[in-house]
Amino acid sequence: MAHAASENVPTFQARGALRQRKAPTGGVRQNRAMAERVIPLVDARVAALAVPAGRAAPASGHLADTLGRPLRDLRISVTDRCNFRCNYCMPKEVFDKEHAYLPHAALLRFEEITRLARVFLAHGVRKIRLTGGEPLLRKDIEELVAQLATLRTVDGSAPELTLTTNGSLLARKAHALKAAGLDRVTVSLDGLDDAVFRRMNDVDFPVADVLAGIDTARAAGFKGLKVNMVVKRGSNEHEILPMARHFRGTGTTLRFIEYMDVGATNGWRMDEVLPSRELVARLRAELPLVPLAPSAPGETAERWGYADASGRYDPRLGEIGVISSVTQAFCGACNRARLSTEGRMYLCLFAGQGYDLRALLRGGADDAALSAAVAAIWQGRADRYSELRASLPSAPGEGPPRGRVEMSYIGG
Ligand code: SAM
Ligand code: SF4
Ligand code: SF4
C-alpha cells in the first residue's frame, strides 16, 4: 500500500525531464555525473490517502499496528525548505529556484501541530523529533518547542523533545531552543574537511560554522549531542576516521548512516552505499570498539563503545552508532510515525502517500475524531519497506518506485 503510487498523482515529470537535459549549474564533476542520473521529480504531495473511519474510542496509549508494533516516536517536518542542497537529499538540479515549495498557508500552524501532537501522545508517543527540510528555517521555531514542552505522555511525564538540524543556524538559535524546553539536538555533518563538506552541502557552506553551532549547543546546556554523518562511498568515506577521532571523548555521539534510496531524485545506487559492517571494520582497525546493548526498544542505531587499553568499554571515550537502513533492515521494531509539513501522516520513510490530517483539523473535527483517525491509520499499518526492498519491483539499482515522497518533505 504505502509504496504504490496513485495513478492519479499529477507529476512534475515534464518539467523534471526538461531539467534532466539542462546543463548542471555547478562545476564539480561529481555533480555533473549525478545530474545525468537525476530522476524526474514526482510530486506525491498532491494526492492524499483517505483517512479510514475509526471508532471513537478513548486513547489507551497502547496502539499496535498489524505487525504488533506500538506507536512511540513522532517526527514532525516543520518546513520543506532547506538552505543546503545535499546531493543525497535535495539535489540542486531538481530543487532549483523553479521548485514549487509549499505555500505558507499549506503549512500546519504551531497550534495545529501541538493539537495533533497531543493526540499522538495519548496514543503512546513518547518522543517528538522536529525535522524538515531545515527546521531552524521555520520562523519562531522555539515557540513551537515551548508549546510542545507543555504536553505530557500517557504516563504523565514530559515527552522527549528533539530536533535534527544541519547546524547552519544553530549558533544563533541554540540558547533560545534550550530555554524553550528542547531536550536534545542532532546535528548532521558529513565531513570535517572544509572542501568535502562544502561539496556535500553543495551550497559552499563552511564546516567551521557548523562546528561553532555544535559548540554553542554544548555551551547552551544540551547534553548527549548526536552528530549524523551520511556516508557515500566515493564521496566522503575518507572522512570516517577523522570524524571518529574528532568526536571521540567529547561526549558527542557520532552516528554513521548508510546512504538510503529515499525519495526519487537522488539517483541512488547500491554501489554508493558503504555497508555499516565494512565501516565498523575500518574503524576497528584503527580504534578499539566493543559492541554495546541497545539503549531503547526500536533503537535505529547499533551501538559501539570505544574501548580502553584493557579492551573494555570506556564511557569517557564515548560511543558511535551505525544506522544500517539498507543492509540490515530494522522494520520489525519501527515505532515511528511522520507528520509532513502540510499535515499528512506517513507510516514509513519510503511511503508514497500520507493521510490528510490537516483536512480533518481544518474541517472542524473534534479531538475524539482526530484520535479515532490516528488510531485507525496506525492499526492498519503494515509498512516494512527496508525488509522488502530487494524483492520489490523497482529493486535497488533499477530506479525508484514512482511517487516515493522526498525526505525533505516528509522529515528525516
Ligand atoms: N535538514 C536537517 C538535517 O539535515 O539534519 C533535517 C532534515 S534531514 C532530511 C534529516 C536527516 O536525514 C539528516 O541527518 C540527513 O543526513 C538524512 N538524510 C537525508 N537524505 C538521506 C539519504 N538519502 N540517506 C541517508 N540519510 C539521509
Ligand atoms: Fe537539507 Fe537536511 Fe536534506 Fe541536507 S539532509 S538537503 S540539510 S534537509
Ligand atoms: Fe520503518 Fe519504513 Fe524504515 Fe522500515 S523502511 S524502518 S517501516 S520507516
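Buried, in this talk, means under 20% relative accessible area. At 16%, Thr-164 falls under that cut-off, so this residue counts as buried. The model I am showing is a predicted one.

Let me stay with Thr-164 for a moment. This threonine lies in strand E3. Its side chain makes a polar contact with the side chain of Arg-129, at 2.9 Å. Strand E3 covers residues 160-165, and it is one of the elements that give at least two residues each to the shell around ligand 1. The others are strand E5, residues 226-231, and strand E6, residues 253-258.

That brings me to ligand 1. There are 20 residues around ligand 1, and those that come nearest are Tyr-88, Gly-133, Ser-188, Met-260 and Met-407. By class, the shell holds eight nonpolar, ten polar and two charged residues.

Which backbone atoms do the nitrogen atoms of ligand 1 approach? One pairing is with Tyr-88: a polar backbone atom of that residue is 3.0 Å from a nitrogen atom of the ligand. For Gly-133, too, a polar backbone atom lies 3.0 Å from a nitrogen atom of ligand 1. On the oxygen side, an oxygen atom of ligand 1 is 3.2 Å from a polar backbone atom of Thr-165. How much of ligand 1 does the protein cover? On its own the ligand has 540 Å² of accessible area, and the protein covers 95% of that.

Next, ligand 2. The residues surrounding ligand 2 are Cys-82, Phe-84, Cys-86, Tyr-88, Cys-89, Met-90, Gly-133 and Asn-166. Six of these shell residues are nonpolar, two are polar and none is charged. Tyr-88 and Gly-133 have come up already, as two of the residues that come nearest to ligand 1.

Ligand 3 has 13 residues around it, and Cys-331, Cys-334, Cys-348, Leu-349 and Ser-386 come nearest. Two elements, strand E10 at 336-339 and helix H12 at 385-388, each supply at least two residues of that shell. How does the shell around ligand 3 divide by class? It has seven nonpolar residues, one polar and five charged.

Now the aromatic residues. The model has five aromatic pairs. One of them is Phe-84 with Phe-197, an edge-to-face pair with 6.1 Å from centre to centre and 75° between the planes. The two partners come from distant parts of the chain, 113 residues apart. Phe-84 sits in the loop between strand E1, residues 73-77, and helix H3, residues 110-122, while Phe-197 belongs to helix H6, residues 194-201. Are these two phenylalanines buried or exposed? Both are buried. Another pair is Tyr-259 with Trp-268, which is tilted, at 6.5 Å centre to centre and 55° between the planes. Tyr-259 has 1% relative accessibility and Trp-268 has a relative accessible area of 11%, so both count as buried.

Back to Phe-84, which also belongs to an aromatic cluster with Phe-197 and Phe-205. Phe-84 is also one of the residues surrounding ligand 2.

Lys-232 lies over the face of Tyr-259, 4.9 Å from the ring centre. Over the ring of Tyr-306 sits the charged end of Arg-248, 5.2 Å from the centre of that ring.

Lys-232 has a further partner, Asn-87: their side chains are joined by a polar contact of 3.3 Å. Where is Asn-87? It is in the loop between E1 and H3. Its relative accessible area is 1%, so Asn-87 is buried. Asn-87 and Asn-266 are 179 residues apart in sequence, yet their C-alpha atoms are 6.4 Å apart in space.

Is Pro-103 buried or exposed? Exposed means over 50%, and Pro-103 has a relative accessible area of 52%, so this proline counts as exposed. Pro-103 and Glu-342 are separated by 239 residues in sequence, with 9.5 Å from C-alpha to C-alpha in space.

Technical notes
Residues numbered from 1 in each chain as written. Chains lettered and ligands numbered in written order. Predicted model: local features only at pLDDT ≥ 70, side-chain atom pairs only at ≥ 80, totals over all residues. Heavy atoms only, no water. Near = heavy atom within 4 Å. Helix = DSSP H or I, 4+ residues; strand = E, 2+ residues; numbered from the N terminus. Nonpolar A, V, L, I, M, F, W, Y, C, P; charged D, E, K, R; others polar. Polar contact = N/O pair within 3.5 Å; in protein donor to acceptor, adjacent residues only side chain to side chain. Areas by Shrake-Rupley, 256 points an atom, 1.4 Å probe, with all protein chains shown as cover. Phe/Tyr/Trp six-rings, centres within 6.5 Å; stacked < 30°, edge-to-face > 60°. Buried < 20%, exposed > 50% of the residue type's maximum accessible area, 1.4 Å probe, protein only. Lys NZ or Arg CZ within 6 Å of the ring centre and 35° of its normal.
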